[in-house]
Amino acid sequence: MGVFPFSKRRQSDEKKVDSPPSAQEDGVTGYGSGEGEVDEPADDLHRGMKPRQLNMMAIAGAIGTGLIIGTGNALKLGPAPLLIGYVIMGLVVYIVMVALGEMGAWLPHKKSFSGYATRFVDPAMGYATGWNYFFKYVIVLPNNLTVSGVLISYWLPDINVSVWIVVFGIAIILVNLIHVSFFGEAEFWMSLAKALVILMLILMCFIIALGGSPSGFRSGFYYWQNPGAFAPFKASALGQSVEIGGDKGRFLDVWACLVQATFAYLGTELVGVAFGETPNPRKNVPRAVNQTLLRIIFFYIGGVLVLGMAVPWNSDALAAATKTKTSGLSSPFVVAATEAGIDKLAGAVNGLLLIFTISAANSDIYLASRTAWALAKDRQAPQILQRTNKRGVPIPAVALSSLFIVLGFMNATKGAATVFGYFVSLVTVFGALNWVAVLVSYIFMIRAMKAQGVPRETMPYRNPLLPWGAYFALFVTILIIIFQGYSAFIPVFQIDKFMTSYIGIPVYLFNIFFWKYYKGTKMVRPEEADLVTDRRTF
């Protein structure tokens, strides 16, 4: 996934790290009349994202099928490791968000995560981060559209899934071409619907656990004792199976849930891309970050807690649900309702899941196009991608991102669908690598502030978990990236699972070294890091 060179003239194509760009070069013409507001030229991204849209995206924008469906496999390991995994990774993702929030409130720019990596670490890291993030979302885009078609097949099985890929694909392209405020409005209502759905499912499981279901059974924390808080760790592959109990089995349970929780939380950082298109970042960025904390506690941690109270890990219905293709029937929340005597919830959840997948596909185009635009602004992608129309929409970048929708047609044949599934698995790790880029960029920014004598108190938003929390989150995230492919070794080595789990890492490293070699980039020295451009005056 390396990207071909775009020019061989280093001096004209890439700003030197030790010569920070001026505000004019960076697309900022000056400070606006309002506190913390910035004016932008007509040919730039516009700050048209309304605060309520940003806040709702922070609350529910990234909630997807990982929580509604993916928790089923994790629950089979027991309610305790499920809760532990989501609590630990919830803390990690919150630290990632507050680190991004501190940078975004103090030095807000429109170049997304790759821009911070270029500015504080090394242009090569910004290049690799940007392109890997772009490929992640243009690959999962057709996958989300395919899942949307599969969900509709629940009611209309005679219509080919490819038809729905075209229908939904055209719809989300139009949403992304109109104006960022229109995209924000669409995401606002879909995120609101997702928040209400999650709230409904959590309340349902809580009521079931308290004995409010037709069966009248009050489970409470009964399932934590019988069959128990931890399940024996089980794995099977290539005709072989293994069951591991004791401390080793409990450790593997927790680790498996940590990995599952990581991929359920991926995408939480999407609101960070929208920071560049929201007015008054000094005020709105901290508010959006705080909304993220509420989402983690109430939706994710609250959701898995009540799920573990309502469904035992040894439930036959749960085992059957995890083997069902994506639909309402595969959700552990539907299992909780069915086990409690509540019928006909599968169809409703199936419809609600459709909102999740369409919202995800809509966000995929937005994230990919803004990432491509940011790369072009840093002269790490073809310059045509930085062009915007008078409404501030990067038309060429949206068009490039939309082209990847055609990959969804690969799912029409079994062989091609298998290959496409490998691509989706391959790029998933890019999301975790992006967390690493955010945390490393933040640590390098703090290092530059110390070297230049800039006190942290000058920042408009500071979180008590930082800066030391960034080292903890970075350590945990790197561990997850290194060992997330553990299942490729249990019970026997599986080459296909190993490759899809780890090949993304050398791809990322290749892009870093490729750009360093081609452009001769150097790491940014702390004394020379740009702490001026886009900086607020208070």
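Biologist: At roughly what angle do the axes of helix α5 and helix α13 cross?

Modeller: In this predicted model, the axes of α5 (residues 79-106) and α13 (residues 281-310) cross at roughly 175 degrees and come within 10 Å. Axes are lines fitted to C-alpha atoms over the stretch in contact, with angles from 0 to 180 degrees between N-to-C directions. Helices are DSSP runs (H or I, at least four residues), numbered from the N terminus.

Biologist: What makes F217 and Y223 a tilted pair?

Modeller: Rings of Phe, Tyr and Trp (its six-membered ring) pair if their centres lie within 6.5 Å; planes under 30 degrees apart are stacked, over 60 edge-to-face, the rest tilted. F217 and Y223 have 6.3 Å centre to centre and 50 degrees between the planes, hence tilted.

Biologist: Why is Y223 called buried?

Modeller: Buried means under 20% relative accessible area, exposed over 50%, partly exposed in between (1.4 Å probe, protein chains only). Y223 has 15%, so Y223 is buried; F217 has 39%, so F217 is partly exposed.

Biologist: How do you know that the charged end of K136 sits over the ring of Y137?

Modeller: NZ of Lys or CZ of Arg must be within 6 Å of the ring centre and within 35 degrees of the ring normal. K136 meets this at 4.2 Å from the centre of the Y137 ring.

Biologist: Which residues and confidence values were used?

Modeller: Local features need pLDDT of at least 70, and side-chain atom pairs 80 or more. Residues are numbered from 1 along each chain.

How values were computed: Heavy atoms only, no water. Helix = DSSP H or I, 4+ residues; strand = E, 2+ residues; numbered from the N terminus.
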